[in-house]
Amino acid sequence: MRFQTDAYKEKRDAYEKLKNKLASRVTQHQTALSSADEIYQKSKGSGFYSNNSDLPNKDADTTFRTLETELSTLFTTQKNDAASLQAASNKAIEKYNEYSDLYEAEKKNEADYKKEQEEKKRKEAEEKAKKK
């Protein structure tokens, strides 16, 4: 009888490494995004915008608004990336648990089979001993 204990263990271990790496990346990404968002929110409240379009800083005001729009788009993209990273992390955890369960079940089946084979050999040896 052939068991897949080693294959399940390899896959379980690979998914464990992946889930750990992804968890780390999710944390790093969320920390960076939070820090960048904090800076962005501070810049929005800096009072840079002019209330009068005739002031000399009209060009700077227009440029700042353009950059703010681009930055807002970038934040949306990064938040979507964070959601994708989290989904990948959750999937890795799910697969890790799946292969971990399969490994444990296969390990038990293998141990049960070995015990059964030993019991069978023991009975055969007893039968031989009785016949002598």
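**Helices and salt bridges in a predicted model**

User: How many residues apart in helix α1 are lysine 9 and aspartate 13, given that about one helical turn separates them?

Analyst: Welcome! This is a predicted model, in which local features need pLDDT of at least 70 and side-chain atom pairs count only at pLDDT 80 or more, while totals for chains, interfaces and linings use all residues. Residues are numbered from 1 along each chain as its sequence is written, and side-chain values use heavy atoms, leaving out hydrogens and water. Helices are DSSP runs of H or I with at least four residues, numbered from the N terminus. Lysine 9 and aspartate 13 are about one helical turn apart because their spacing in helix α1 is 4 residues.

User: What N to O distance is found where lysine 9 and aspartate 13 meet in a salt bridge?

Analyst: A salt bridge puts a side-chain nitrogen of Lys or Arg within 4 Å of a carboxyl oxygen of Asp or Glu. For the side chains of lysine 9 and aspartate 13, the N to O distance is 3.6 Å.

User: Is aspartate 13 buried, partly exposed or exposed?

Analyst: Buried means under 20% relative accessible area and exposed over 50%, with partly exposed in between (1.4 Å probe, protein chains only). The relative accessible area of aspartate 13 is 23%, so aspartate 13 is partly exposed.

User: Which helix do the buried residues of α2 pack against?

Analyst: Among the buried residues of α2 are Phe75, Ala82 and Tyr99. Contact here means heavy atoms within 4.5 Å. The partner of these buried α2 residues is α1 (5-44).

Technical notes
Helices (H or I, at least four residues) and strands (E, at least two) are DSSP runs, numbered from the N terminus.
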